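Subject: Structure handover

Dear colleague,

Here is the structure I said I would pass on. My notes on it follow below.

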Amino acid sequence: MRSSDSAFLDTLGVFYPGRAPQTPTCVYDYDIRVYRPFSMRRWVRPQIQFEIDHLHPFEPHPAENAFPMYEWGLNWCIASSAHRYLMLHAGSVAFGDRAMILPGTPGSGKSTLSAALVLSGARLLSDEFGLVRPERGDLLPMPRGIPLKNASIEAIREFRTDAPLGPTYPKTRKGRVSHVRPDDTSLAQQDRPAVPRWLIFPKYVAGVAETLEPLDKTDAFRQLAFNSFNYRLLGDAAFNAVGAIIRNVDCYTFRFSRLERAVEHLTALVAETETPGT
Amino acid sequence: MNLLNALLRDPQVVRNWQAAEWNQLLPLARSARLLGRCLSLFEQHDLVDAVPPRIVDQLRGALIKTRFLHVQALRELRHVVRVLDRAAIESAALKGVAYLAADLPPRGWRSLSDIDLLVREVDIARAESALQRAGWVPNGEFDDYDQHYYREWMHEIPPLRHSKREIEVDLHHNLAPPVSRIVIDADRLWHAARTVSDGHGFAIKVLAPADMLLHNALHLFMNDELRGGLRDVVDFRDLYEHFRAEDSDFDHTLVARAQALGCERPLYYAVTTGQRLAGLQPSPTLREAVAHAGPPAPVAALMAWLIEHALAPGRLGLRRTRVANGLLFIRSHWVRMPPRMLLRHLGHKLLLRRKPPAPEPDLPG
């Protein structure tokens with residue numbers, strides 16, 4: 001990753017601390033450049049361009065949105081090439097070496113719930129992509145900023161007044177966005193995979209009392225498979241990987257409205273599972 | 001020459017590579033659509049252990065996607081051929097999908113996004129309407145000029161795509177435009193074509209081995225989409241090695257066929273380019289035959305320079321590459337259209353039309 005935009009690099013340094021870009025001994029996946037294209041707009045209303053391998057998959061964005069654009073660009077890179085992994089469309093957090101997968105369609109509150117769990121001591125594996133190694137069935141961590149959209153930003157601020165939020169970007173393609181920085185433990189343990197143990201389909205419903213309901217495994221299989229980016233593409237490897245996950249996890253649907261209560265429910269679930277037979 | 005070419009010529013070079021070299025290779029191979037080929041080279045030469053795991057992951061990911069595209073392409077081929085069979089129209093698979101159907105070496109790694117078929121010129125209008133009745137639609141918007149361009153001057157019709165699927169279908173009636181300098185008698189291709197079967201009751205014609213290579217060479221010689229053209233050069237090498245191993249007399253067949261079809265010049269370019277950029281090792285027979293088929297020395301040198309900078313840039317994004325591509329683009333039109341037609345075509349392209357920008361991909365997250 002190279003960039004000449006110092007404001008962007010500052011934000012990047014907050015979210016990816018200690019990751020010196022382009023140390024000569026490090027092999028990287030993508031050659032990414034974030035820069036201000038040379039044009040008249042440079043002085044009037046500066047823009048920023050995301051470049052990967054000298055290609056420009058997106059139109060330039062307003063320069064102030066460089067960081068969210070970089071994050072989306074990175075997601076695009078991963079979604080279009082990381083087929084070595086089964087890519088679940090899910091947030092995932094870990095308690096020790098055991099992972100909780102939180103799949104969800106946009107608006108289900110998975111990012112908000114993942115962020116709340118991480119702020120309560122869970123280890124962040126990843127938001128947006130759950131990267132599963134099909135041959136082992138475990139999840140690889142990819143702790144990056146968790147993007148919160150619109151009202152979720154206030155919800156998290158209310159949940160933890162000291163939540164480590166990055167800058168707020170008021171006008172992006174996806175509305176108002178702010179990222180929760182992963183905690184140092186999650187970052188330090190980003191080479192430590194975790195084995196799926198719980199599969200929770202969250203659904204934010206305003207005003208609802210938190211309810212955790214066991215979900216039939218056949219339904220869970222279908223929902224998890226259809227919520228993955230490359231299920232069809234991986235064919236039988238994906239079928240087997242999803243099957244293995246479903247066999248090893250407890251499956252629930254989870255309707256929630258209050259983050260404090262939601263986190264209590266899920267941590268209680270984790271505590272129960274940790275002491276089998278009691 | 002770049003690291004990708006060095007790798008294609010001698011895979012053992014990677015034993016000395018450090019991070020800097022790997023970081024150069026990945027964008028080059030990605031842009032040339034040769035990630036899968038790199039992995040198969042490493043596997044063939046027992047080099048996978050010498051490759052950083054992160055790179056292996058990227059190569060495997062690309063190959064997984066390619067295999068998925070293979071399934072889609074073969075399925076599309078079966079759908080198309082079923083419709084054409086019902087209309088009693090004979091068809092042959094060309095290029096990528098033909099390598100798949102005939103189980104030829106590029107099958108192990110070659111990605112594709114469209115399928116190409118050959119039908120007879122007398123059948124092409126019927127073939128198009130049969131497919132349109134069965135759910136295929138034009139893949140893109142083609143104005144009157146485009147329609148005229150394809151139907152009157154080119155050897156193919158505007159691309160089709162089934163309304164419920166993603167793979168493009170290109171119907172051709174020849175290997176080169178009828179207005180070009182090289183005019184090929186399609187009947188001779190049909191006469192030599194072979195039938196291959198997938199073992200599950202599906203059979204399709206493909207070109208004879210020599211014709212397959214000459215088609216590849218013509219493509220390199222005349223194609224105006226040179227980005228990723230190195231993949232076709234590697235196809236040539238892999239097919240050549242395969243056919244030669246199968247038939248010790250293949251070189252003579254190939255040379256004789258090139259003469260018969262008037263394709264000596266394209267074969268010259270394919271062989272010399274393959275040698276320089278993709279580790280092709282032509283037999284003395286073939287080398288001797290093409291040595292006399294080149295253009296005058298200054299033209300040959302210029303073309304070698306252009307092809308090298310278009311297909312083997314030292315790194316991506318160089319101005320030289322754009323210049324070389326631009327000149328080759330003009331040349332590709334020059335060889336396939338008479339001058340007046342070319343002027344009219346370029347004038348139309350440059351002055352009268354602005355293509356709308358391609359839609360942006362969705363931003364995940």
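To begin with one helix, H9(B) is mostly covered, with 14 of its 14 residues buried. Here a residue is buried if 20 or more other C-beta atoms lie within 10 Å of its own, exposed if 12 or fewer, and partly exposed in between, with C-beta atoms placed from the backbone. Helices (H or I, at least four residues) and strands (E, at least two) are DSSP runs, numbered from the N terminus. H9(B) covers residues 209-222, and its end C-alpha atoms are 20 Å apart, which agrees with the 20 Å that 14 residues should span at 1.5 Å a residue. That expected span is 1.5 Å times one less than the number of residues in the helix.

Two notes on reading all this. The model is predicted, so to speak of local features pLDDT must be at least 70, and side-chain atom pairs count only at pLDDT 80 or more, while totals for chains, interfaces and linings use all residues. Residues are numbered from 1 along each chain as its sequence is written, and chains are lettered from A and ligands numbered from 1 in the order in which they are written.

The sheet in chain B

Chain B has an open sheet of seven strands in the order E3-E4-E5-E2-E1-E7-E6, with mixed pairing. Strands pair if DSSP finds at least two bridges between them. E3 (136-138) and E6 (194-197) of chain B are at the edges, each with a single partner strand, so one side of each has no neighbour in the sheet. From one strand to the next the twist averages 40°. E4 (residues 160-162) and E5 (residues 168-172) of chain B run antiparallel and are joined by two bridges; Arg161(B) has Glu168(B) in E5(B) as its bridge partner. H4(B) packs on this sheet, touching E1, E2, E5 and E7 of chain B, and its direction makes about 30° with that of E2(B). Axes are lines fitted to C-alpha atoms, for helices over the stretch in contact, and angles run from 0 to 180 degrees between N-to-C directions.

At the loop between H4 and E1 of chain B lies Ala88(B), which has a positive phi near 55° without being a glycine. Ala88(B) counts as exposed, with 9 C-beta neighbours inside 10 Å.

The contact between the chains

Chain B gives 25 residues to the contact and chain A gives 27. Residues are in contact if their C-beta atoms, placed from the backbone, lie within 7 Å. On the chain B side, H2 (19-31) and H4 (53-86) are the elements that give two or more residues, and H4(B) has the largest share, ten residues. That side divides into 13 nonpolar, six polar and six charged residues. Ala, Val, Leu, Ile, Met, Phe, Trp, Tyr, Cys and Pro count as nonpolar, Asp, Glu, Lys and Arg as charged, and the others, Gly among them, as polar.

Chain A

Chain A is divided into domain 1 (1-81) and domain 2 (84-278), with bounds from an automatic or database domain assignment. Their centres, taken over C-alpha atoms, are 26 Å apart.

E11 (residues 165-172) and E12 of chain A run antiparallel over four bridges and form a hairpin with two residues between them. E10 (residues 146-149) of chain A also pairs with E12(A) (residues 175-180), antiparallel, over four bridges.

Regards

How values were computed: Two residues are in contact if their C-beta atoms, placed from the backbone, lie within 7 Å.
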